[in-house]
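This report describes the helix packing, selected loop residues and backbone geometry of the chain shown below.

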Amino acid sequence: MVFAIDDINREQTILPNISLGFLIYDTCLWTRKAIESSMRMLTGEQRPILNYQCRSQSPLTAVIGEESSTVSMAVARLLGIYRYPQVSYYSTSPLLNNKHEFPSFFRTIPSDDSQAIGMAKLVEHFGWTWVGILSNEDDYGRLGSQSLKEELLKYGICVAFHESLPTDPSSIKNTRIVETILLHYMKTVRFKNKMGEEIYFDRHGSPPAAYDIINWHREAGNVIRYAKVSYFSTSPLLDNKYEFPSFFRTIPSDDSQAQGLAQLVVHFGWTWVGIVSNEDDYGRLGSQSLKEQLLKYGVCFAFHESIPIEPSIIKINLIVKTIGVRFKNRMGEEIFFDKYGSPPAAYDIVNWQHEPDGIIRYVKVGSFEKREPRGQELNVNKSALWWTKQGKEVQ
C-alpha cells in the first residue's frame with residue numbers, strides 16, 4: 001500500500017496538487033483488532049470514544065482493507081454509519097453486495113457471484129449437463145457453491161452431488177466423501193407405521209414430505225376459518241450431515257416445502273410471481289430454496305421483499321448511488337464500480353497440465369471478461385487443453 005500511495009503522489013496527473021498520507025494498523029485478520037483500529041482512525045485517539053474526534057493530522061478520507069470478508073463486514077458496518085468509503089482488495093463475499101447493510105463499501109476484486117457466472121458458462125460451453133460440486137467447509141465455500149448452483153440451474157444443468165471438503169482433513173471424512181461421489185446413495189430405513197404410512201429417511205435424515213394445502217376464507221363476522229392445520233417447520237441447515245451426523249426428524253425439511261410451493265405455482269399455470277418472506281434466517285433460506293425450485297420450472301419472480309421482524313421498522317427501498325469513478329489504468333484496462341461497489345470481473349482459465357517428467361505446468365487456456373459484450377464474455381482455446389494423460393478429450 002505504501003508503494004501505491006508513493007506512486008500516486010509522484011504521478012501528478014492522478015491527483016494534481018494533492019498529496020496522500022496514510023496510517024497503517026495490522027489487524028492480524030482479527031475482527032476485534034480491526035474494529036479497534038477503525039475506531040482509532042475515526043476519532044484520532046488511541047483510546048477512542050465514538051462520535052468524538054480529536055486529531056492533529058489531516059482528516060480521514062477513506063479506509064483500505066480488509067483481506068477477509070468476515071472482517072471487512074464488521075468494519076463496513078461501523079464505517080457505513082459515518083459514510084466513510086472503505087475499499088477492500090481481497091474480500092469477495094456476495095453478502096457485501098448488500099448496499100443497505102454496507103452503504104460505503106467498495107472493492108477492487110470481483111464478487112464471487114461473477115466467478116460462479118463464469119464457471120457456469122464454462123460448464124455450458126463444454127456441453128456438460130450433469131456435474132458434481134466440491135467446496136470448502138466454511139462460509140466461503142457454502143456461499144460460493146450456492147451461487148454456482150443458481151447459475152447452473154439457469155442453464156438447465158443438474159447437480160448430481162455437492163460435498164464440502166473439511167477444513168481439517170481426516171481420513172474418515174475424506175473416505176465418506178469419496179464414497180458419496182462414487183455411489184450417490186446411502187442405505188435407508190423403510191417401514192410402515194400403524195396407519196399404513198410408509199416411513200423412511202432420505203440421505204439428509206428427513207422423512208417424505210406431506211403437506212395440506214389450506215384455503216383461508218372469511219366468513220360473516222370477520223371470522224377467518226381454515227380447513228386444517230398442518231404441522232411443519234425445520235431448517236434445511238439440519239440437512240448438513242457433517243455438522244449433525246446423528247440427527248433425524250419425523251417432520252420434513254423446509255426444502256420440501258419449497259418444492260411443494262413451486263409445484264403448486266406450476267399447477268395453476270403462473271409464470272410470474274412475487275415472494276414475501278420474513279427478514280430472518282428462516283425467511284432467507286426458505287425464499288432461496290423457493291427461488292431455486294421456481295427456476296427449475298422456468299417461473300420468473302418479479303420481486304422479493306422481506307417483512308421486518310419488528311413491525312415498527314419502516315422498510316424503505318433505497319437506490320444507492322455509488323461513486324462514479326471510471327478510468328483506465330496503465331495497462332489500458334477500464335476500471336469502474338458497479339451498483340454493488342465491485343469492479344468488472346476478469347478471470348483467467350488455467351489448465352493444470354501434468355508433464356511426463358512429473359512437472360505440473362499452469363497454462364492459460366481462456367478467459368472470462370465481464371467487460372465484453374453479452375455472449376462474448378467467455379473465450380476458451382480448446383486446442384491448448386489437456387485433460388487426463390495429455391488427452392484432448394474428456395475421458
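## Overall composition

Two residues are taken to be in contact when heavy atoms of theirs lie within 4.5 Å. Among contacts in the chain between residues at least 6 apart in sequence, 49% join residues at least 24 apart. The model is a predicted one.

The chain contains eight helices and 16 strands. It has 395 residues, of which 31% count as buried.

## Packing of α2 against α3

Two packed helices are described by the angle between their axes and the distance between the axes. Helix α2 (residues 31-43) and helix α3 (residues 69-82) have axes that come within 9 Å and cross at roughly 25°. Angles under 35 degrees count as roughly parallel, and α2 and α3 are therefore roughly parallel to each other. The crossing in which α2 passes α3 is right-handed.

On the α2 side, the residues that meet α3 are Thr-31, Ala-34, Ile-35, Ser-38, Met-39 and Leu-42. Their counterparts in α3 are Val-71, Ala-74, Val-75, Leu-78, Leu-79 and Tyr-82. By class, this contact of α2 with α3 has ten nonpolar and two polar residues, with no charged residues. An α-helix has 3.6 residues a turn, so residues three or four places apart point the same way.

## Packing of α4 against α5

Helices α4 and α5 pack with their axes 8 Å apart, at an angle of about 45°. The two helices, α4 and α5, are therefore oblique to each other. As α4 passes α5, the crossing is right-handed.

From α4, the contact draws on Asp-112, Asp-113, Gln-115, Ala-116, Ile-117, Met-119, Ala-120 and Val-123. From α5, it draws on Tyr-140, Ser-147, Leu-148, Glu-151 and Leu-152. By class, the contact of α4 with α5 has eight nonpolar, two polar and three charged residues.

Just after α5, Gly-156 takes a positive phi of about 70°.

The buried residues of α5 are Gly-141, Leu-143, Ser-145, Ser-147, Leu-148, Glu-151, Leu-152 and Leu-153. The elements that cover these buried residues include α4 (112-125), β4 (130-136), β5 (158-165) and α8 (281-296). Among the buried residues of α5, Ser-147, Leu-148, Glu-151 and Leu-152 also take part in the contact with α4.

## The loop between β2 and β3

Tyr-89 lies in the loop between β2 (86-88) and β3 (105-107). Its relative accessibility is 42%, so Tyr-89 counts as partly exposed. Apart from residues up to four places away in sequence, Tyr-89 touches Ile-64, Gly-65, Glu-66, Glu-67, Thr-108 and Ile-109. Tyr-89 and Ile-109 are 20 residues apart along the chain, and their C-alpha atoms are separated by 5.8 Å.

Ser-93 is also placed in the loop between β2 and β3. At 6% relative accessibility, Ser-93 counts as buried. Leaving aside neighbours within four places in sequence, Ser-93 is in contact with Ser-69, Met-73, Arg-107, Ser-111, Asp-112 and Leu-143. Ser-93 and Thr-70 are 23 residues apart in sequence, with a C-alpha to C-alpha separation of 8.4 Å.

## Backbone geometry in other loops

The peptide bond from Gly-65 to Glu-66 is cis, with omega near 10°. Glu-66 is located in the loop between β1 (63-64) and α3. Both Gly-65 and Glu-66 are among the residues touched by Tyr-89.

Asn-17, a residue other than glycine, has a positive phi near 65°. Its place is in the loop between α1 (2-10) and α2, and Asn-17 counts as exposed at 78% relative accessibility. Arg-83 is not a glycine, yet has a positive phi of about 60°. Arg-83 is found in the loop between α3 and β2, and is exposed, with a relative accessible area of 54%.

How values were computed
Residues are numbered from 1 along each chain as its sequence is written. This is a predicted model: local features need pLDDT of at least 70, side-chain atom pairs count only at pLDDT 80 or more; totals for chains, interfaces and linings use all residues. Side-chain values use heavy atoms; hydrogens and water are left out. Axes are lines fitted to C-alpha atoms, for helices over the stretch in contact, and angles run from 0 to 180 degrees between N-to-C directions. Helices (H or I, at least four residues) and strands (E, at least two) are DSSP runs, numbered from the N terminus. Angles under 35 degrees count as roughly parallel, over 145 as roughly antiparallel, 65 to 115 as roughly perpendicular and the rest as oblique. A crossing is left-handed if the near helix is turned anticlockwise from the far one by less than a right angle, and right-handed if clockwise. Ala, Val, Leu, Ile, Met, Phe, Trp, Tyr, Cys and Pro count as nonpolar, Asp, Glu, Lys and Arg as charged, and the others, Gly among them, as polar. Buried means under 20% relative accessible area, exposed over 50%, partly exposed in between (1.4 Å probe, protein chains only).
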